[in-house]
Amino acid sequence: MNERQDIDAIERFFANPEAGAFEGRVIAAFAHPDDATIAFGGQLGRFTDLDMIVVTDGAPTHMNFAINKGYASTEAYRQVRWEELGAALSLIGVSRDRVNAYGFDDGSVCRRLLSLIERLETDLAGADIVLTSCFEGGHTDHDSVAMAVHLACAAIDESRRPLIVEAPLYSLQAGLFTTQTLPAGGAGRAVSAPLTEAQQQLKRRIKACYATQHYSLAQFRDDVEPYRIAPVYDFSQLPNNGALLYEVNGFMAGPQWLAMVRMCMAIRERPRGAPAASTIDESVEILKKLIAASGPPRPTREREREPALSPEPAPRRRRTGSRWF
């Protein structure tokens, strides 16, 4: 049986925790160190040939993120995040040498879409399944990785193209931060995988490994893992019917996201051997478009009055002289 083509068999595998091991090649490609084990932790031990791609180092470069977690530097916080991943993988039985760390800065993936897509084209080719996150409007890194996985797989020869199975992490639903809910506006075949008692215990132990993410992971369920055979997305449109958690939180506006995506798509569609993707004049125009798309910044006082809609409390800002940092 060719598992790559047999969607029904893969769907039955995820839906049935007693189905045994999956013998094909599987790659889990996610943005942050904890994403894969939180989304698929109850299942990862069932794959006999599993590699992981972790795109970012899990440590935002803004020092306040590390300080608010109790660490003196971004480097120290980064190291702890990787130690947490190693502890979780040891519970699942996945060797650390099966992890491919791309090393992007946390929060930067949307600015490096082209290089990410090119790298994934090489690394995903020949796999039977790629596990990744939904295109859901929750975190710009999650959406960037989801988009890059889809575009990379579309560029791979059909005979070596993996099937994409996606999991929801978190998104904005009815105006609230919500975990493990498939985004609105998408198609695809959904699977709700109930976890056995042993898998539930494992999932709780996995979550406990990520002490730095305790606040957000406490909101993820231990008894079920929802997945979907990924639909074909129109990345020129906003995910989740335009309800973006990262826009509400002030990280990135929807028009700004679309401007970056459309520029990425336009460059990708240029014929091979065409002139350089971006001349100085083009770069200036791109910058103007991004600034215009993002719109005028809201007054600081207005932003401070709005409730934080995020997986954890927003970092406190300290003032030194005239600069916030």
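Student: Let's start with Asp 57. Which strand does Asp 57 lie in?
Tutor: Asp 57 is in strand S2, which covers residues 47-60. Keep in mind that this is a predicted model.

Student: Is Asp 57 buried or exposed?
Tutor: Buried: the relative accessible area of Asp 57 is 6%, and the cut-off for buried is under 20%.

Student: And what does Asp 57 touch, leaving out residues up to four places away in sequence?
Tutor: Asp 57 touches Pro 33, Arg 78, Arg 81, Trp 82, Phe 104, Asp 105 and Asp 106.

Student: Zooming out, how many helices and strands does the chain have?
Tutor: There are 12 helices and 11 strands. The chain has 325 residues, and 48% of them count as buried.

Student: Take contacts between residues at least 6 apart in sequence. What percentage join residues at least 24 apart?
Tutor: That is 76% of those contacts.

Student: On to helix packing. How do the axes of H5 and H6 cross?
Tutor: Helix H5 is residues 113-124, and its axis comes within 8 Å of the axis of H6, crossing at roughly 50°. H5 and H6 are therefore oblique to each other, and their crossing is right-handed.

Student: Which residues make that contact?
Tutor: From H5 you have Leu 113, Leu 116, Ile 117, Leu 120, Glu 121 and Leu 124. H6 brings Ser 144, Val 145, Met 147, Ala 148, Val 149, Leu 151, Ala 152, Cys 153 and Ala 155.

Student: How do the residues of the contact of H5 with H6 divide by class?
Tutor: There are 13 nonpolar residues, one polar and one charged.

Student: What about H6 and H10, how do their axes cross?
Tutor: H6 (residues 140-155) and H10 (residues 254-268) have axes that come within 13 Å and cross at roughly 20°. These two helices are therefore roughly parallel to each other, since angles under 35 degrees count that way. The crossing of H6 and H10 is right-handed.

Student: Which residues make the contact there?
Tutor: On the H6 side they are Thr 140, Asp 143, Ser 144, Met 147, Leu 151 and Ala 155. On the H10 side they are Trp 257, Val 261, Cys 264, Met 265 and Arg 268. By class, the contact of H6 with H10 comes to seven nonpolar, two polar and two charged residues.

Student: And how do the axes of H5 and H10 cross?
Tutor: Their axes come within 10 Å and cross at roughly 50°. That makes H5 oblique to H10, and the crossing of this pair is right-handed. Leu 113, Leu 114, Ile 117 and Glu 121 of H5 meet Cys 264, Ile 267 and Arg 268 of H10. The contact of H5 with H10 has five nonpolar, no polar and two charged residues.

Student: I keep spotting cysteines. How many disulfides does a search of the whole structure find?
Tutor: Zero disulfides turn up. As for individual cysteines, Cys 110 counts as buried at 6% relative accessibility, and Cys 134 is buried at 0%.

Student: Changing topic, where does Gln 180 lie?
Tutor: Gln 180 is in the loop between strand S7 (176-179) and strand S8 (189-194). At 13% relative accessibility, Gln 180 counts as buried.

Student: What is Gln 180 in contact with, leaving aside neighbours within four places in sequence?
Tutor: Gln 180 is in contact with Pro 168, Leu 169, Phe 220, Arg 221, Val 224 and Pro 226. Gln 180 also lies 7.6 Å from Glu 225, C-alpha to C-alpha, although the two are 45 residues apart in sequence.

Student: One last topic, backbone angles. What is the phi of Ala 174?
Tutor: Ala 174 has a positive phi of about 55°, although it is not a glycine. Most residues other than glycine have a negative phi. Ala 174 is in the loop between strand S6 (170-173) and S7, and it is exposed, with a relative accessible area of 82%.

Student: And what is the phi of Asn 241?
Tutor: Asn 241 also has a positive phi of about 55°. Asn 241 lies in the loop between strand S9 (224-229) and helix H9 (245-248), and at 63% relative accessibility it counts as exposed.

Note on methods
Residues are numbered from 1 along each chain as its sequence is written. This is a predicted model: local features need pLDDT of at least 70, side-chain atom pairs count only at pLDDT 80 or more; totals for chains, interfaces and linings use all residues. Side-chain values use heavy atoms; hydrogens and water are left out. A disulfide is a pair of cysteine sulfur atoms within 2.5 Å. Buried means under 20% relative accessible area, exposed over 50%, partly exposed in between (1.4 Å probe, protein chains only). Axes are lines fitted to C-alpha atoms, for helices over the stretch in contact, and angles run from 0 to 180 degrees between N-to-C directions. Helices (H or I, at least four residues) and strands (E, at least two) are DSSP runs, numbered from the N terminus. Angles under 35 degrees count as roughly parallel, over 145 as roughly antiparallel, 65 to 115 as roughly perpendicular and the rest as oblique. A crossing is left-handed if the near helix is turned anticlockwise from the far one by less than a right angle, and right-handed if clockwise. Contact means heavy atoms within 4.5 Å. Ala, Val, Leu, Ile, Met, Phe, Trp, Tyr, Cys and Pro count as nonpolar, Asp, Glu, Lys and Arg as charged, and the others, Gly among them, as polar.
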